[in-house]
Amino acid sequence: MEESVNPLRFETNPYHHVVIKDRKTMELSGVKQIDSFDSDEFLLETTLGWMLINGKDLSLGKLDTEHGDLIIKGNIDSINYLSNKKGQERTSLFARLFK
């Protein structure tokens, strides 16, 4: 039986680093998966938990799925680590969007 593979989930090293350059470029390591993203928000899982990045004109600059490295470009406004209760946080996020 063939196993299905999620294209947005990838191998990572156990380390998680975040570097922000002039609020315009964010370099991350230890990214496990990208759950969703658009020009205003990235939701991703890191080796240290779920992370929500908000901003304007955000785009995926570079993605290295072999090492779990990611570069996000745009105007970065905020970074939040979410609790391990991903489902509750996502419900809250979607509830706010569709009110």
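A surface patch here is made of residues with over 30% relative accessible area and no salt bridge, where like charges are joined within 9 Å and nonpolar side chains (Val, Leu, Ile, Met, Phe, Trp, Tyr) within 5 Å. A salt bridge is a side-chain nitrogen of Lys or Arg within 4 Å of a carboxyl oxygen of Asp or Glu. Accessible areas come from the Shrake-Rupley method with a 1.4 Å probe, and for residues only the protein chains shown count as cover.

The model is predicted: local features need pLDDT of at least 70, side-chain atom pairs count only at pLDDT 80 or more, and totals for chains, interfaces and linings use all residues. Residues are numbered from 1 along each chain as its sequence is written, and side-chain values use heavy atoms, with hydrogens and water left out.

**First stop: the patch.** Select V18, I20, L48 and Y81, which form a nonpolar surface patch with about 370 Å² of accessible area together. I20 lies in strand 1 (residues 18-21); strands are DSSP runs (E, at least two residues), numbered from the N terminus. I20 counts as partly exposed because its relative accessibility is 39%, where buried means under 20%, exposed over 50%, and partly exposed in between (1.4 Å probe, protein chains only).

Six of them form an open sheet in the order 1-2-6-5-4-3, with antiparallel pairing; two strands pair if DSSP finds at least two bridges between them. Strand 1 and strand 3 (31-37) are the edge strands, each pairing on one side only.

Four bridges pair strand 2 (residues 25-28) with strand 6 (residues 69-81) in the antiparallel sense. Select L28, whose bridge partner in strand 6 is L70. Not counting residues up to four places away in sequence, T25 touches V19, I20, I71, I72, K73, G74 and I76, a contact being heavy atoms within 4.5 Å.

Select G55 in strand 5 (residues 49-64). G55 counts as buried because its relative accessibility is 4%. Leaving aside neighbours within four places in sequence, its contacts are S39, D40, N75, I76 and D77.

**Last stop: the hairpins.** Strand 4 (residues 41-46) and strand 5 run antiparallel, joined by six bridges, and a hairpin of two residues links them. Strand 5 and strand 6 also run antiparallel, with eleven bridges. Four residues lie between them in a hairpin, where G68 in the turn has a positive phi of about 75°. Finish at M51, whose bridge partner in strand 6 is Y81.
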